[in-house]
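Subject: Structure handover

Hi,

Here is the structure I promised to pass on. Please open it next to this email and follow along.

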Amino acid sequence: LPAVVFDPGFDLDSWIDVICDVPSMFHRRARGLVPAGGVPFRKMMERTTCEAPRMEDWELHLSSVFTEVRSYAYIEVRSADLLPDDVAFAVPSFWTGLLYDDDNLSAALDLGRPVDNRAAWRAAMDSAAKSGLDGEIGGRSIRDQVTALLEMVGAAYRAGRVPCGGSNRAALSSLDALALRHGIRFRP
(Lines give C-alpha, C1' and ligand atoms only; values in the text may rest on other atoms or scores of the structure.)
Protein backbone atom coordinates (compact mmCIF):
# COMPACT_ATOMS: atom_id res chain seq x y z
CA LEU A 1 0.00 0.00 0.00
CA PRO A 2 1.23 3.51 -0.71
CA ALA A 3 2.26 5.49 2.38
CA VAL A 4 -0.56 8.01 1.85
CA VAL A 5 -3.21 5.50 2.98
CA PHE A 6 -1.76 5.65 6.50
CA ASP A 7 -2.12 9.43 6.70
CA PRO A 8 -4.88 10.42 9.19
CA GLY A 9 -6.30 12.81 6.56
CA PHE A 10 -6.46 10.13 3.86
CA ASP A 11 -9.62 10.35 1.78
CA LEU A 12 -10.93 9.58 -1.69
CA ASP A 13 -9.28 12.68 -3.19
CA SER A 14 -5.91 11.56 -1.79
CA TRP A 15 -6.37 8.13 -3.35
CA ILE A 16 -7.32 9.58 -6.74
CA ASP A 17 -4.14 11.71 -6.64
CA VAL A 18 -2.08 8.57 -6.06
CA ILE A 19 -3.81 6.67 -8.87
CA CYS A 20 -3.43 9.57 -11.30
CA ASP A 21 0.34 9.59 -10.74
CA VAL A 22 0.77 5.86 -11.45
CA PRO A 23 2.22 5.20 -14.92
CA SER A 24 -0.40 3.85 -17.33
CA MET A 25 0.19 0.52 -18.98
CA PHE A 26 -2.41 0.56 -21.77
CA HIS A 27 -5.14 2.50 -23.56
CA ARG A 28 -8.24 0.75 -24.81
CA ARG A 29 -8.85 1.53 -28.47
CA ALA A 30 -10.90 -0.01 -31.30
CA ARG A 31 -7.91 -2.14 -32.29
CA GLY A 32 -7.59 -3.46 -28.72
CA LEU A 33 -5.12 -2.64 -25.97
CA VAL A 34 -2.40 -0.20 -27.01
CA PRO A 35 0.72 0.36 -24.87
CA ALA A 36 0.54 3.69 -23.03
CA GLY A 37 4.30 4.03 -22.66
CA GLY A 38 4.26 4.42 -18.88
CA VAL A 39 2.85 7.94 -18.97
CA PRO A 40 1.14 8.85 -15.67
CA PHE A 41 -2.63 9.01 -16.06
CA ARG A 42 -2.56 12.64 -14.93
CA LYS A 43 -0.43 13.48 -17.99
CA MET A 44 -2.79 11.54 -20.23
CA MET A 45 -5.68 13.70 -18.99
CA GLU A 46 -3.94 16.76 -20.50
CA ARG A 47 -4.42 15.32 -23.99
CA THR A 48 -7.16 16.83 -26.11
CA THR A 49 -6.85 14.87 -29.35
CA CYS A 50 -8.30 11.49 -30.16
CA GLU A 51 -5.67 10.17 -27.72
CA ALA A 52 -7.43 11.87 -24.79
CA PRO A 53 -8.35 9.26 -22.19
CA ARG A 54 -11.88 7.94 -21.98
CA MET A 55 -13.76 6.37 -19.10
CA GLU A 56 -12.69 2.94 -20.39
CA ASP A 57 -9.05 4.05 -20.06
CA TRP A 58 -9.62 5.13 -16.46
CA GLU A 59 -11.26 1.79 -15.64
CA LEU A 60 -8.40 -0.08 -17.31
CA HIS A 61 -5.87 2.04 -15.43
CA LEU A 62 -7.58 1.28 -12.10
CA SER A 63 -7.39 -2.43 -12.87
CA SER A 64 -3.62 -2.20 -13.40
CA VAL A 65 -2.79 -0.65 -10.03
CA PHE A 66 -1.99 -3.72 -7.96
CA THR A 67 -2.60 -2.77 -4.35
CA GLU A 68 -3.77 -5.40 -1.86
CA VAL A 69 -7.30 -4.00 -1.95
CA ARG A 70 -8.80 -2.49 -5.06
CA SER A 71 -12.08 -0.67 -5.32
CA TYR A 72 -14.38 -0.75 -8.31
CA ALA A 73 -18.16 -1.00 -8.05
CA TYR A 74 -17.12 -3.74 -5.63
CA ILE A 75 -14.09 -4.32 -3.37
CA GLU A 76 -11.43 -6.78 -4.52
CA VAL A 77 -9.12 -8.29 -1.92
CA ARG A 78 -6.29 -9.62 -4.06
CA SER A 79 -4.74 -12.03 -1.55
CA ALA A 80 -8.03 -13.92 -1.57
CA ASP A 81 -8.05 -14.57 -5.32
CA LEU A 82 -8.45 -18.08 -6.69
CA LEU A 83 -9.67 -20.00 -3.69
CA PRO A 84 -10.78 -23.59 -4.33
CA ASP A 85 -14.39 -23.83 -5.54
CA ASP A 86 -15.70 -25.30 -2.27
CA VAL A 87 -14.59 -22.23 -0.30
CA ALA A 88 -14.88 -19.55 -3.00
CA PHE A 89 -17.69 -17.74 -1.18
CA ALA A 90 -15.91 -17.68 2.17
CA VAL A 91 -14.26 -14.33 1.49
CA PRO A 92 -17.40 -12.38 0.51
CA SER A 93 -19.25 -13.92 3.49
CA PHE A 94 -16.49 -12.78 5.81
CA TRP A 95 -16.33 -9.23 4.47
CA THR A 96 -20.13 -8.92 4.42
CA GLY A 97 -20.30 -9.94 8.08
CA LEU A 98 -17.55 -7.50 8.94
CA LEU A 99 -18.31 -4.44 6.80
CA TYR A 100 -22.12 -4.49 6.86
CA ASP A 101 -22.32 -4.48 10.66
CA ASP A 102 -21.39 -1.17 12.30
CA ASP A 103 -20.29 -2.78 15.58
CA ASN A 104 -18.07 -5.27 13.74
CA LEU A 105 -16.57 -2.58 11.58
CA SER A 106 -15.68 -0.48 14.63
CA ALA A 107 -14.24 -3.51 16.44
CA ALA A 108 -12.20 -4.50 13.37
CA LEU A 109 -10.80 -0.98 13.13
CA ASP A 110 -9.80 -1.22 16.79
CA LEU A 111 -8.06 -4.56 16.13
CA GLY A 112 -6.18 -2.92 13.27
CA ARG A 113 -4.89 0.07 15.24
CA PRO A 114 -1.51 -1.57 16.00
CA VAL A 115 -0.80 -1.58 12.26
CA ASP A 116 -2.11 1.85 11.32
CA ASN A 117 1.32 3.00 10.15
CA ARG A 118 3.22 1.77 7.12
CA ALA A 119 6.16 0.17 8.97
CA ALA A 120 3.91 -1.84 11.31
CA TRP A 121 1.64 -2.85 8.41
CA ARG A 122 4.64 -3.99 6.35
CA ALA A 123 5.97 -6.03 9.31
CA ALA A 124 2.54 -7.67 9.73
CA MET A 125 2.33 -8.48 6.00
CA ASP A 126 5.84 -9.97 6.07
CA SER A 127 4.99 -12.03 9.16
CA ALA A 128 1.81 -13.32 7.51
CA ALA A 129 3.67 -14.19 4.33
CA LYS A 130 6.37 -16.09 6.23
CA SER A 131 4.33 -17.73 8.99
CA GLY A 132 0.66 -17.63 7.97
CA LEU A 133 -1.67 -17.92 10.95
CA ASP A 134 1.34 -18.46 13.20
CA GLY A 135 2.63 -14.95 12.42
CA GLU A 136 2.02 -11.79 14.41
CA ILE A 137 0.18 -8.53 13.90
CA GLY A 138 1.18 -5.79 16.30
CA GLY A 139 2.47 -8.30 18.86
CA ARG A 140 -0.66 -10.46 18.74
CA SER A 141 -0.94 -13.78 16.93
CA ILE A 142 -2.64 -13.72 13.55
CA ARG A 143 -4.59 -16.84 14.55
CA ASP A 144 -6.00 -14.96 17.58
CA GLN A 145 -6.92 -11.98 15.40
CA VAL A 146 -8.63 -14.20 12.83
CA THR A 147 -10.50 -16.09 15.54
CA ALA A 148 -11.75 -12.82 17.05
CA LEU A 149 -12.85 -11.53 13.65
CA LEU A 150 -14.64 -14.77 12.79
CA GLU A 151 -16.45 -14.71 16.12
CA MET A 152 -17.65 -11.16 15.39
CA VAL A 153 -18.78 -12.16 11.89
CA GLY A 154 -20.60 -15.27 13.17
CA ALA A 155 -22.32 -13.24 15.89
CA ALA A 156 -23.57 -10.71 13.34
CA TYR A 157 -25.07 -13.44 11.18
CA ARG A 158 -26.58 -15.30 14.15
CA ALA A 159 -28.15 -12.10 15.49
CA GLY A 160 -29.62 -11.24 12.09
CA ARG A 161 -27.64 -8.00 11.78
CA VAL A 162 -26.41 -9.25 8.41
CA PRO A 163 -28.72 -11.06 5.94
CA CYS A 164 -28.27 -14.82 6.08
CA GLY A 165 -30.89 -16.29 3.77
CA GLY A 166 -30.57 -18.52 0.73
CA SER A 167 -27.21 -18.21 -1.00
CA ASN A 168 -25.65 -16.54 2.07
CA ARG A 169 -26.30 -19.74 4.06
CA ALA A 170 -24.21 -21.73 1.52
CA ALA A 171 -21.56 -19.01 1.57
CA LEU A 172 -21.36 -19.20 5.36
CA SER A 173 -20.85 -22.96 5.10
CA SER A 174 -17.96 -22.17 2.78
CA LEU A 175 -16.45 -19.85 5.40
CA ASP A 176 -16.95 -22.48 8.10
CA ALA A 177 -15.17 -25.09 5.94
CA LEU A 178 -12.24 -22.76 5.32
CA ALA A 179 -11.90 -21.91 9.01
CA LEU A 180 -12.00 -25.61 9.99
CA ARG A 181 -9.21 -26.37 7.50
CA HIS A 182 -7.05 -24.09 9.61
CA GLY A 183 -8.21 -25.38 12.96
CA ILE A 184 -10.43 -22.40 13.76
CA ARG A 185 -13.97 -22.83 15.03
CA PHE A 186 -16.49 -20.61 13.28
CA ARG A 187 -20.14 -20.67 14.27
CA PRO A 188 -22.29 -19.17 11.50
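How many salt bridges does the structure hold? It holds eleven. A salt bridge here is a side-chain nitrogen of Lys or Arg within 4 Å of a carboxyl oxygen of Asp or Glu. Side chains of opposite charge can pair when their charged atoms come close.

Before the details, a word on the source. This is a predicted model, where local features need pLDDT of at least 70, side-chain atom pairs count only at pLDDT 80 or more, and totals for chains, interfaces and linings use all residues. Residues are numbered from 1 along each chain as its sequence is written, and side-chain values use heavy atoms, with hydrogens and water left out.

**The overall picture**

The chain has eight helices and six strands. Helices (H or I, at least four residues) and strands (E, at least two) are DSSP runs, numbered from the N terminus. Starting at the N terminus, the order of elements is α-β-β-α-α-β-β-α-α-α-β-β-α-α. The C-alpha trace spans about 60 × 40 × 30 Å along its principal axes.

Of the 188 residues, 30% count as buried. Buried means under 20% relative accessible area, exposed means over 50%, and partly exposed is in between (1.4 Å probe, protein chains only). Now take contacts between residues at least 6 apart in sequence: 49% of them join residues at least 24 apart. Contact means heavy atoms within 4.5 Å.

Start with arginine 42 and aspartate 21. Their side chains meet in a salt bridge at 2.7 Å, N to O. Arginine 42 lies in helix H2 (residues 41-44) and aspartate 21 in helix H1 (residues 12-21), so this pair ties together parts that are 21 residues apart in sequence. Arginine 42 is partly exposed, at 32% relative accessibility. Aspartate 21 is partly exposed too, at 45%.

Next, aspartate 57 and arginine 29. The closest N and O atoms of this salt bridge are 2.9 Å apart. Aspartate 57 sits in helix H3 (residues 55-63) and arginine 29 in strand E1 (residues 26-29), so the pair ties together parts 28 residues apart in sequence. Aspartate 57 and arginine 29 are both buried.

Then comes the pair of arginine 161 and aspartate 101, at 2.5 Å, N to O. Here the link is between distant parts of the chain. Arginine 161 is in the loop between H7 and H8, aspartate 101 is in the loop between H4 and H5, and they are 60 residues apart. Arginine 161 counts as partly exposed, at 40% relative accessibility. Aspartate 101 is buried, with a relative accessible area of 4%.

Some salt bridges share partners: Asp17, Asp21 and Arg42 are joined into one network in this way.

**A buried aspartate without a partner**

Look at aspartate 176 in helix H8 (residues 167-181). Aspartate 176 is buried yet has no salt bridge. Which side chain of opposite charge is nearest? Arginine 185 is, 4.4 Å away. For charge, Lys and Arg count as positive and Asp and Glu as negative; His and the chain ends are not counted. Leaving aside neighbours within four places in sequence, aspartate 176 is in contact with Arg185, Phe186 and Pro188.

**Helices against H7**

Two packed helices are described by the angle between their axes and the distance between the axes. Axes are lines fitted to C-alpha atoms, for helices over the stretch in contact, and angles run from 0 to 180 degrees between N-to-C directions. Angles under 35 degrees count as roughly parallel, over 145 as roughly antiparallel, 65 to 115 as roughly perpendicular and the rest as oblique.

Helix H4 (residues 90-99) packs on helix H7 (residues 142-158) at about 75 degrees, with the axes 8 Å apart. That makes H4 roughly perpendicular to H7. The residues of this contact divide into eight nonpolar, three polar and no charged. Ala, Val, Leu, Ile, Met, Phe, Trp, Tyr, Cys and Pro count as nonpolar, Asp, Glu, Lys and Arg as charged, and the others, Gly among them, as polar.

Helix H5 (residues 102-112) also packs on H7, at about 175 degrees with axes 10 Å apart. That makes H5 roughly antiparallel to H7. The H5 side of the contact is Asn104, Ala107, Ala108 and Leu111. The residues of the contact of H5 with H7 divide into eight nonpolar, two polar and no charged.

Best wishes
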